[in-house]
Amino acid sequence: LQPVPDATPGPTGTGAQYELFPAKVPATNWEITDAARKDDPTTVSDLQEVPGLDWSAQYQDGSVDDETTAPYVMISGYSANFADVVNDVAGDGAQKTTGDINGHQAAWGTLTGADAGDTNIFVIFEPTPGHAVELDGANLTVDTLKSYAGMLQPASEQDWVQVHAAAAADD
């Protein structure tokens, strides 16, 4: 991947753990619809409400015309304790299972009641100690979301910025 001229160069020392899909998106016909990064002054406001949140990207299946039924995934990277992120996301009311994804500690399940919003399924895994990656999905199964989590690969901040630059520019 080559640097993007308008992107903030990285890494900037935040200690964030970035993850990317090998093909940039989770599946054929998917597109990146939004991206934000704590070290980007143009998108940082999207992340300030959540402690430890370093970056976030949203993806949607572009082959489905109706956005309310289109498969959707939001991926967020945290500099935070895995157990804390699981507790914040799943709380006490979620139906959750723990295990591993590609050898990394993980939890997944379904949000219920007031916690269930537009995205009602989640997968959280710990790529490295002190970091957690959360996937939230809609119009997908938990197994599909787990498979997407298993596809993610560590990336440099610069590579992450390059892949998501067009989505961030559209905001």
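This is a predicted model: local features need pLDDT of at least 70, side-chain atom pairs count only at pLDDT 80 or more; totals for chains, interfaces and linings use all residues.
1. Seven strands make up an open sheet, in the order S2-S3-S4-S8-S7-S6-S5, and their pairing is antiparallel. At its edges lie strand S2 (30-37) and S5, each of which pairs on one side only. Taken on average and with direction ignored, neighbouring strands of this sheet are turned by 15° against each other. Within the sheet, S3 and S4 pair in the antiparallel sense over seven bridges, and Tyr59 has Val73 in S4 as its bridge partner.

2. The helices on the sheet. H1 packs on the sheet and touches S4, S5, S6, S7 and S8, with a direction that makes about 170° with that of S7. Helix H2 (residues 142-151) also packs on the sheet, where it touches S2, S4, S5, S6, S7 and S8, and the direction of H2 makes about 30° with that of S7.

3. The buried side of H1. Which residues of helix H1 (residues 82-90) are buried? They are Phe82, Val85, Val86, Val89 and Ala90. These residues cover an arc of only 105° around the axis, which puts them on the same side of H1. In general, an α-helix has 3.6 residues a turn, so residues three or four places apart point the same way. The cover over the buried residues of H1 includes strand S4 (72-78), strand S5 (95-101), strand S6 (104-110), strand S7 (121-125) and strand S8 (132-138).

4. The two ends of H1. At the start of H1, Asn81 brings a side-chain oxygen to within 2.8 Å of the backbone nitrogen of Ala83. After H1 comes Gly91, which has a positive phi, near 55°.

5. Tyr18 and Trp160 are both buried. For Phe21 and Tyr59, the ring centres are 5.3 Å apart and the planes are at 85°, so this pair is edge-to-face. Here too distant parts of the chain are linked, with Phe21 in the loop between S1 and S2 and Tyr59 in strand S3, 38 residues apart. Phe21 is buried, as is Tyr59, and one aromatic cluster is formed by Phe21, Trp30, Tyr59 and Tyr148.

6. Gln60. Is Gln60 buried or exposed? Gln60, which is found in strand S3 (residues 53-61), has a relative accessible area of 13% and is therefore buried, the cut-off being under 20%. When its neighbours within four places in sequence are left aside, Gln60 is in contact with Asn29, Trp30, Glu31, Thr33, Glu67, Ala70, Pro71 and Tyr72.

7. Thr97. Thr97 belongs to strand S5 and counts as partly exposed, because its relative accessibility is 40%. Without counting residues up to four places away in sequence, Thr97 touches Ala106, Ala107 and Trp108. Thr97 and Trp108 are eleven residues apart along the chain, and their C-alpha atoms are separated by 5.5 Å.

Terms used:
Residues are numbered from 1 along each chain as its sequence is written. Side-chain values use heavy atoms; hydrogens and water are left out. Buried means under 20% relative accessible area, exposed over 50%, partly exposed in between (1.4 Å probe, protein chains only). Helices (H or I, at least four residues) and strands (E, at least two) are DSSP runs, numbered from the N terminus. The arc is that of the directions from the helix axis to the C-beta atoms. Contact means heavy atoms within 4.5 Å. A polar contact is a pair of N or O atoms within 3.5 Å; within protein, one must be able to donate a hydrogen and the other to accept it, and residues adjacent in sequence count only if both atoms are side-chain atoms. Two strands pair if DSSP finds at least two bridges between them. Axes are lines fitted to C-alpha atoms, for helices over the stretch in contact, and angles run from 0 to 180 degrees between N-to-C directions. Rings of Phe, Tyr and Trp (its six-membered ring) pair if their centres lie within 6.5 Å; planes under 30 degrees apart count as stacked, over 60 as edge-to-face and the rest as tilted.
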